[in-house]
Amino acid sequence: GAQIWTAEVSRGSILGYDPKTYVETSFFGEEDTRSNLVRLLSGTLTKVINETDVLTEFQSKTWTMVVPAGQTELKVTMVYTDRAGTTSATQHRINDVTLKVVSPGGTIYWGNNGLLAGNYSTAGGSPNTKDTVQNVFLQNPQAGNWTITISAHDLNQDEHSETPRVDQDYALVAYPATSLN
């Protein structure tokens with residue numbers, strides 16, 4: 001579902017095709033999509049975390065992304081599934097999960113900051129509390145260890161039914177990364 005879509009959105013923007021058209025015409029179901037994505041992404045600088053990490057309220061998970069020298073772009077996408085709020089609510093999301101990316105030099109990039117004005121993220125800003133798909137896109141990233149933090153600031157409803165507690169899973173796609181730990 002949504003996690004596979006995240007991989008395709010990132011992969012499409014990296015390889016230069018429309019992921020919506022590709023997914024709808026090339027795959028026949030989630031299992032086919034999953035196995036094809038693994039095949040297509042193995043051996044590349046694209047790393048995928050697909051619902052393997054679960055957050056509880058106020059919990060964060062930090063990943064270290066190693067970016068090799070000489071890369072022209074950095075692309076990090078995080079998505080989480082969220083049920084729609086009521087139509088009368090001023091805010092239509094139920095849970096709040098945010099993406100923060102920090103460069104080796106300490107510059108902070110929040111998910112989607114600056115992307116309404118252009119194709120690349122701008123430094124600073126604040127946590128994105130509205131969108132369930134969040135991106136950080138940068139040109140000419142500094143080589144080295146980048147820190148990616150996914151935080152669950154507000155969990156009101158369980159989105160990970162495999163456990164008895166209120167928790168949230170997510171997908172993360174990072175490019176270019178020699179490792180993501």
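Which residue in β6 stands opposite E73? I looked it up, and Q139 is the one facing E73.

**Ground rules.** Before going on, I noted that this is a predicted model, where local features need pLDDT of at least 70, side-chain atom pairs count only at pLDDT 80 or more, and totals for chains, interfaces and linings use all residues. Numbering starts from 1 along each chain as its sequence is written, and side-chain values use heavy atoms, with hydrogens and water left out.

**Overall layout.** I find three helices and nine strands in the chain. Reading from the N terminus, the order is α-α-α-β-β-β-β-β-β-β-β-β. The chain has 181 residues, and 42% of them are buried. My cut-offs are under 20% relative accessible area for buried, over 50% for exposed and partly exposed in between, with a 1.4 Å probe and protein chains only. Next I checked contacts, meaning heavy atoms within 4.5 Å. Of those with a separation of 6 or more, 71% link residues 24 or more positions apart.

**β3 and its partners.** I count strands as paired if DSSP finds at least two bridges between them. β3 and β6 run antiparallel and are joined by seven bridges. In this pairing, V79 is opposite V133 of β6. β3 also runs antiparallel to β8, with five bridges, and there M78 stands opposite L172.

**The core.** How many residues does the largest nonpolar core have? I get 24, and M65, V76, I148, I150 and L172 are those with the most contacts inside it. The set is made of buried Ala, Val, Leu, Ile, Met, Phe, Trp, Tyr and Cys residues joined through side-chain atoms within 4.5 Å. At least two core residues each come from β1 (47–56), β2 (60–67), β3 (73–79), β4 (96–102), β6 (133–139), β7 (144–154) and β8 (167–175). β7 gives the largest share, four residues. I then listed the contacts of I148, skipping neighbours within four places in sequence: among them are W63, M65, V76, L99, V101, L172 and L180. K61 and K100 are on that list too. As a general note, nonpolar side chains tend to be buried together in soluble globular proteins.

**Rings and charges.** I searched the whole structure for aromatic pairs and found one. The test takes rings of Phe, Tyr and Trp (its six-membered ring) with centres within 6.5 Å, and calls planes under 30 degrees apart stacked, over 60 edge-to-face and the rest tilted. I also looked for charges over rings, which need NZ of Lys or CZ of Arg within 6 Å of the ring centre and within 35 degrees of the ring normal. K61 lies over the face of W63, 4.5 Å from the ring centre. K75 has its charged end over the ring of F137, at 5.4 Å from the centre.

**Loops.** Y80 is in the loop between β3 and β4, and it is buried because its relative accessible area is 2%. Its side chain reaches the backbone nitrogen of V97 at 3.4 Å. Y80 and D169 are 89 residues apart in sequence, yet 6.5 Å apart in space, C-alpha to C-alpha.

Q71 sits in the loop between β2 and β3 and counts as buried at 18% relative accessibility. Beyond four places in sequence, Q71 touches L45, N140, P141, Y175 and P176. I followed two of those names. The peptide bond from Y175 to P176 is cis, with omega near -10°, and P176 is in the loop between β8 and β9 (179–180). N140, in the loop between β6 and β7, has a positive phi of about 45° although it is not a glycine. N140 is exposed, at 58% relative accessibility.

How values were computed: Polar contact = N/O pair within 3.5 Å; in protein donor to acceptor, adjacent residues only side chain to side chain.
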